[in-house]
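Please look over the model below with the packing of its helices in mind. The briefing that accompanies it is arranged by topic.

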Amino acid sequence: MNDVILSRIAEALTWTGRYVERADATGRILDAYLHRLLEDPWRDEDMACRSLYAILGVDAGTDAVDMQQVLDQLAFDARSTCSIEGALGAARLNARSAREAVSSEMWECLNSTWHALADQRLAARRTGPYAYLELVRRRAALFFGLADSTMSRDDSWRFVVLGRSLERVDMTVRLLSVRVLDAAHAPDWPTLLSASGADEAYARVYGGFGDTARVAEFLIMDREFPRSVLHALTTAEECLAALGRPRQDPARRPIGRMRTRLEYLDSTALEDVLPSLLRELQTSCMASAEAVAERFFPYQGPVEWAQEGA
């Protein structure tokens, strides 16, 4: 295989990991907000929807928005990779282009999930989106579980995990940024924990559910929780090191610098530096992703996947 083909496979695998993680994270965020609205019918739905849009970087406009509009845009829109359905469709197309690198079970997981979404979407309009969102979470967990259990720990696996790790940092930072930097649309701490899939892990560590700024410390600095920023940065750096990138490499350096900073950050000072820290984390992940693309996907011209019929 020539270098162009190898670089296209590496890019496809990286984006497969990113898109599956994006669909999973978006599903968790939507599910957490839907449950909060169900538990508290007096909660301002328009404000909750604007919070969701803020997390995912979508312009909410000036008109009132409701949860059905949010679901149509962030869950069911197959044309946008910012939505669950669009992200899973893009993950499937990328995985298909790298079929020789992913296992048959991983491909079957993505392919069957994509074909199940239409029926689940129709059911969601009748009975609510909970089964749809549960399917997305379960299949994302199955996909990454299959990656860990059916792929050799070679470069193909590392690109999948690298994509997942970079996306995981980005989504966790987005959640925290809305809570810290955008007070008007801020979710409460329990909602933020639930949206990160961290409520039970947090309760086991601290003996209760989150209602304080300690949640930020857990989601950023916990070494054991796999969705924490520190854990994801550590995993991403390990992948880059195994891919042969030295410490001063443009792809590895920003990740390693932020990982080291979090390792030695005094947790008592976290609250004071949190706004600037979140901005630095976003900048570092973006710089690393761009450097990865420049180093491993250097061919001229973007890959364009043709959307096929169901």
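Predicted model: local features only at pLDDT ≥ 70, side-chain atom pairs only at ≥ 80, totals over all residues.

**Helix 11 against helix 13**

- The axis of helix 11, which spans residues 229–242, comes within 13 Å of the axis of helix 13, which spans residues 270–296, and the two cross at roughly 20 degrees.
- Because angles under 35 degrees count as roughly parallel, helix 11 is described as roughly parallel to helix 13, and the crossing between helix 11 and helix 13 is left-handed.
- On the side of helix 11 the contact is formed by Val229, Leu233 and Leu240, which meet Leu281, Cys285, Ser288 and Val292 of helix 13.
- Sorted by class, this contact of helix 11 with helix 13 holds six nonpolar residues and one polar residue, with no charged residues.

**Helix 10 against helix 13**

- Helix 10, made up of residues 214–221, has an axis that comes within 11 Å of that of helix 13, with a crossing angle of roughly 50 degrees.
- That angle makes helix 10 oblique to helix 13, and helix 10 passes helix 13 in a left-handed crossing.
- The contact of helix 10 with helix 13 comprises seven nonpolar residues and one charged residue, and no polar residues.

**Threonine 16 in helix 1**

- Threonine 16 lies in helix 1, which runs over residues 3–39, and, with a relative accessible area of 0%, threonine 16 is buried.
- Apart from neighbours within four places in sequence, threonine 16 is in contact with Ala91, Asn94, Ala95, Leu110 and Phe143.
- The side chain of threonine 16 reaches the backbone nitrogen of alanine 95 at 3.4 Å.
- Although threonine 16 and alanine 90 are 74 residues apart along the chain, their C-alpha atoms are separated by 7.5 Å.

**Helix 2 and the residue after it**

- In helix 2, which covers residues 45–55, the buried residues are Ala48, Cys49, Arg50, Ser51, Leu52, Tyr53 and Ile55.
- Just after helix 2 comes glycine 57, whose phi is positive, at about 70 degrees.

Definitions and conventions: Residues numbered from 1 in each chain as written. Heavy atoms only, no water. Axes fitted to C-alpha atoms, helices over the stretch in contact; angles between N-to-C directions. Helix = DSSP H or I, 4+ residues; strand = E, 2+ residues; numbered from the N terminus. Parallel < 35°, antiparallel > 145°, perpendicular 65-115°, else oblique. Left-handed = near helix turned anticlockwise from the far one by under 90°. Contact = heavy atoms within 4.5 Å. Nonpolar A, V, L, I, M, F, W, Y, C, P; charged D, E, K, R; others polar. Buried < 20%, exposed > 50% of the residue type's maximum accessible area, 1.4 Å probe, protein only. Polar contact = N/O pair within 3.5 Å; in protein donor to acceptor, adjacent residues only side chain to side chain.
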